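I opened this structure to see what I could read off it, and kept short notes as I went. Here they are, in the order I looked things up.

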Amino acid sequence: MATLLIVHHTPSPNCQAMFEAVVSGATAPEIEDVRVVRRAALSATASDVLEADGYLLGTPANLGYMSGALKHFFDQIYYPCLDETRGRPFGCYLHGGNDVTGARRGIETITTGLGWRRAAEPVTVTGEPGKADIEACWELGATVAAGLMS
């Protein structure tokens, strides 16, 4: 059975709504033989990353960058996972008050360095997530999880 690791920093109701939609998509009844593991960014470990077959990352954009919690996650896992996780698929979702450009760029830079493969376009939301945003998060979760099915 494949494992999808969702690493998230969810400090607000908007981030929570996006996270719940991603989880709902990843655990949809049509997704078979994929175990979904959820970890807060500050508690996710290199072992979690090494044991997973794919990743979903969620963060708010804070001061023009990803959250400190997600950056801390990357700092902790980067070198221990660098050679072992190359080529693994990932997706991400980001929420910001008015801009997520720097946060998206930061995630793209780090995942490129890790050699991870983008499995879906990032979902980026500014302001309160609307119905289409929540549906896009659901699709993101389902797409990345479905890509891990054997």
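I started with Cys137, which is buried at a relative accessible area of 0% (buried means under 20% relative accessible area, exposed over 50%, partly exposed in between, with a 1.4 Å probe and protein chains only). This is a predicted model, so I kept in mind that local features need pLDDT of at least 70 and side-chain atom pairs count only at pLDDT 80 or more, while totals for chains, interfaces and linings use all residues. Residues are numbered from 1 along each chain as its sequence is written, and side-chain values use heavy atoms, with hydrogens and water left out.

How far is the sulfur of Cys137 from the closest cysteine sulfur? I found 9.7 Å, to Cys15, which is too far for a bond. Then I checked Cys92, which is also buried, at 4% relative accessibility. The closest cysteine sulfur to that of Cys92 is in Cys137, 10 Å away, so again too far for a bond. A disulfide is a pair of cysteine sulfur atoms within 2.5 Å, and by this rule I count zero disulfides.

**Helix 1 and helix 5.** Next I looked at how helix 1 (13-26) sits against helix 5 (residues 131-146). (Helices, H or I with at least four residues, and strands, E with at least two, are DSSP runs numbered from the N terminus.) The two axes come within 6 Å and cross at roughly 40°; axes are lines fitted to C-alpha atoms, for helices over the stretch in contact, and angles run from 0 to 180 degrees between N-to-C directions. That makes helix 1 oblique to helix 5, since angles under 35 degrees count as roughly parallel, over 145 as roughly antiparallel, 65 to 115 as roughly perpendicular and the rest as oblique. On the helix 1 side the contact includes Ala17, Met18, Ala21 and Val22, and on the helix 5 side Ile134, Cys137, Trp138 and Leu140 are among the residues involved (contact means heavy atoms within 4.5 Å). The crossing is right-handed, meaning that the near helix is turned clockwise from the far one by less than a right angle, and left-handed if anticlockwise.

Is Val22 buried or exposed? Val22 is buried, with a relative accessible area of 0%. Leaving aside neighbours within four places in sequence, Val22 is in contact with Ile6, Leu56, Tyr93, Cys137, Trp138, Leu140 and Gly141. I also noted that Val22 and Val144 are 122 residues apart in sequence but 9.7 Å apart in space, C-alpha to C-alpha.

**Helix 3 and helix 4.** Helix 3 (residues 68-81) and helix 4 (residues 101-114) pack at about 15°, with axes 12 Å apart. These two are therefore roughly parallel to each other, and their crossing is left-handed. From helix 3, Leu70, Lys71, Phe74, Ile77 and Tyr78 meet Ile107, Ile110, Thr111, Gly113 and Leu114 of helix 4.

**Strands.** I went to strand 3 (54-62). Eight of its nine residues are buried, so strand 3 is largely enclosed by the rest of the structure. Which way does strand 1 (residues 2-8) run relative to strand 3? They are parallel, joined by five bridges (two strands pair if DSSP finds at least two bridges between them), and Leu5 has Tyr55 as its bridge partner. Six bridges join strand 3 to strand 5, also parallel, with Gly58 opposite Tyr93. Strand 5 (residues 89-96) in turn runs parallel to strand 7, over four bridges, and His95 stands opposite Val125 there.

Most residues other than glycine have a negative phi. Strand 3 and strand 4 pair antiparallel over two bridges and form a hairpin with two residues between them, where Leu63 in the turn has a positive phi of about 55°. Leu63 counts as exposed, at 91% relative accessibility. Asp33 also has a positive phi, about 60°, without being a glycine. I placed Asp33 in the loop between helix 1 and strand 2 (34-40), where it counts as partly exposed at 47% relative accessibility.
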